[in-house]
Amino acid sequence: GVGSMLVAMAVAAGAKVLCSVGNEEKARLAQSWGARTVIHRKDDIPARITEFTGGKGLDVWVETQREPDFMTMVPAMAPRGRMVLIAGRAAQPVFPVGPFYVKGLTLTGFAMFNASPQEQAACAADISSWLASGKIKPVIAKRFSLDQAAEAHRFLEASTLGMAGQVVGKVVVNLA
């Protein structure tokens with residue numbers, strides 16, 4: 001659910017987006033959200049990034065998976081690029097310190113609950129504007145009625161904690 005909105009918001013903000021996916025269905029969806037280039041996790045990711053950036057490297061990398069692959073991504077970054085982690089609370093990946101600091105890269109963890117009220121208000125204003133203008137459209141993965149709230153939680157847990165990876169978009173629980 002995070003990836004779909006991340007792609008749409010990046011496109012709305014004017015970014016040229018490359019994203020990685022696990023299957024053809026998700027590749028088609030990512031392109032429908034505005035991703036310019038979609039690579040499969042089984043592809044030669046460094047080669048595809050080099051092709052996408054003309055050899056410059058990525059300016060920004062946002063990781064939504066639990067286990068970031070710094071050994072692949074640090075070399076794929078442009079000098080002074082920014083890496084943003086938004087998943088993987090328990091992750092402890094290998095980190096290539098030397099190549100990271102020589103490029104002058106920045107690594108930031110992001111969790112919306114850490115943002116100040118002013119930062120959250122600015123984000124909400126952008127999102128509201130993009131929604132109103134149609135620049136972004138929420139992707140609904142599955143709908144549940146209020147009496148199915150426990151089932152909705154099980155569905156999300158199976159996809160995230162269970163690593164089934166079947167949720168594309170948001171899960172909605174209707175009050176009616």
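Seven helices and seven strands make up the secondary structure of the chain, which is seen here in a predicted model. Reading from the N terminus, the elements run α-β-α-β-α-β-α-β-α-β-α-β-α-β. The radius of gyration is 17 Å, close to the 16 Å that the globule rule gives for 176 residues, so the chain is as compact as a globular protein of that length. Laid along its principal axes, the C-alpha trace spans about 55 × 35 × 35 Å.

Of the 176 residues, 28% count as buried. The chain exposes about 11,000 Å², and 57% of that comes from carbon and sulfur atoms. As for how the sequence folds back on itself, take the contacts between residues at least 6 apart in sequence: 48% of them join residues at least 24 apart. On the charge side, there are 19 positive and 14 negative charges, and their mean positions sit 4 Å apart.

Moving in to local detail, helix 2 covers residues 24-32. At its start, a side-chain oxygen of Asn23 comes to within 3.1 Å of the backbone nitrogen of Glu25. After the helix comes Gly34, with a positive phi near 115 degrees.

Next along is strand 2, made up of residues 37-40, and Val38 is found in it. Val38 has a relative accessible area of 10%, and residues under 20% are called buried, so Val38 counts as buried. What does Val38 touch, leaving aside residues up to four places away in sequence? The list is Cys19, Val21, Ala27, Ala30, Gln31 and Arg48.

Arg80 tells another story. This residue lies in strand 4, which runs over residues 77-85. Is Arg80 buried or exposed? Its relative accessibility is 70%, and the cut-off for exposed is over 50%, so Arg80 counts as exposed. The backbone here also deserves a look. Most residues other than glycine have a negative phi. Arg80, although not a glycine, has a positive phi of about 65 degrees. Gly34, the residue that follows helix 2, has a positive phi as well.

How values were computed. Residues numbered from 1 in each chain as written. Predicted model: local features only at pLDDT ≥ 70, side-chain atom pairs only at ≥ 80, totals over all residues. Heavy atoms only, no water. Polar contact = N/O pair within 3.5 Å; in protein donor to acceptor, adjacent residues only side chain to side chain. Helix = DSSP H or I, 4+ residues; strand = E, 2+ residues; numbered from the N terminus. Rg over C-alpha atoms; globule rule 2.2 N^0.38 Å. Buried < 20%, exposed > 50% of the residue type's maximum accessible area, 1.4 Å probe, protein only. Contact = heavy atoms within 4.5 Å. Areas by Shrake-Rupley, 256 points an atom, 1.4 Å probe, with all protein chains shown as cover. Lys, Arg positive; Asp, Glu negative; His and termini not counted. Charge placed at Lys NZ, Arg CZ, Asp CG, Glu CD.
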